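Thanks for making the time this morning.

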Amino acid sequence: MKICVLGAGVVGLTTAYYLVKKGFQVTVIDRQPGVALETSFANAGQISPGYSAPWAAPGIPLKAIKWLMQKHAPLRVSAEPEIKKISWMVKMLGQCNNDAYSVNKSRMMALAEYSRDQFISLRKDIGIQYQDGQGGTLQLFRKEEQVDAAEKDIKVLKALGVPHQVLSPEQIVELEPGLRLVIEKFKGGLRLTGDETGDCYLFCQSLKETCEEMGVTFQFNSDIKSLSTQANKLNGVITEQGLQVFDSVVVCLGSYSKELLKACDIDIPVYPVKGYSLTVPILDAAYAPISTVMDETYKVAVTRLGGRIRAAGTAELTGYNLDLPKSRTETISHVVNDLFGKGCDLSEAEYWTGLRPMTPDGTPVVGASGIDGLYLNTGHGTLGWTMSCGSAAVIADIIAGDETQINSQDLSVKRYKK
């Protein structure tokens, strides 16, 4: 059975890996000259099942209004009256209630925890190395109301059996001594002990080599024009080289999945939410993070990657714009300087931006599309690497006709159909 995976980011690569493991003949097609050159290139460096939560939550509409007024705002919405953006925002706001939040977070946590188990097996099976660490994620709370608000998430963590620790400022310093000069700024923290760190780009480079050894074919510098379908059945993929025939196709194109699928009358509510990152060398390890810290006030994650610090955050709704204005990188620079300014020289920072494919409920779209032979694995938002191995294992089981290890109906595109 010949299967084509569209997209060579971390979701596409893991999908190719789990499919070839099942004995399928796999081809990966991407417009870029190599793997992980878009959203997977310089992400936050986190594999964060414990931090898996939908952005759509009770109280978010009011918070969003306040964020828009801040200098270092974690959210920005462009003024252009774009219909797709407005439609997506309306759907997201419809998920900002207690019932929807509980359902969506439980779905996301189930997939992310399953994915974490797959990561552990993957490292054991192929010995992949990517500057990985298993030091957990530490959420930092600057305000008492953030400490109180965390109780809701803690209840879900307890219900799902997710390991975690509630920390005082003194305990925070024991885990992250690089914060000792600024610890008076924080009221408490929540540590998610099962979370991991690493360089997603290195992970993708290594996994590509493994996939090639297992027989996966890669077609780079290949623009995908459209999908060929007839009578509700997939025929293949049309690239600039013409029609390529496959038995099945898995769309793993992140934010660009929506437009390709629209021509097939498949409408998935995925919108590109722009994020930014910086990478800077460590000058003094005594004032650098050991693992990942998440500043809840600014929604910026700061991660240790070997001899470097990676910081990522902010959310910008501005379509497919990939400009990198200084005004939008100031927030992540501010957080790094505020927390670990003594450990690095921000004048040496390299900045990057990418588009996160977000769904209104935070849960990715994984499964059959409704067209015979066409499958979806997209819409992972900020948790693409976190959920990549789990969603890839799920879609591989679905295509092979095997029983999935988690409830795949929760991830289906059918949840958006009335």
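Let me begin with a question: is Arg 116 buried or exposed? Arg 116 is buried, at a relative accessible area of 14%, where buried means under 20% relative accessible area, exposed means over 50%, and partly exposed lies in between, with a 1.4 Å probe and protein chains only.

A word on the basis: this is a predicted model, in which local features need pLDDT of at least 70 and side-chain atom pairs count only at pLDDT 80 or more, while totals for chains, interfaces and linings use all residues. Residues are numbered from 1 along each chain as its sequence is written, and side-chain values use heavy atoms, leaving out hydrogens and water.

Taking a salt bridge as a side-chain nitrogen of Lys or Arg within 4 Å of a carboxyl oxygen of Asp or Glu, the count comes to 19 salt bridges.

One of them joins Arg 116 to Asp 117, with the closest N and O atoms 3.4 Å apart, and here Asp 117 is partly exposed, with a relative accessible area of 38%.

In another, Lys 258 meets Asp 267 at 2.7 Å, N to O; Lys 258 is buried, at 14% relative accessible area, whereas Asp 267 counts as exposed, at 54%.

I would also point you to Arg 415 and Asp 361, whose closest N and O atoms are 2.8 Å apart in a salt bridge, and Asp 361 counts as buried, at 4% relative accessibility.

Finally, Arg 142, Lys 185, Asp 295 and Asp 338 are linked in a network of salt bridges.
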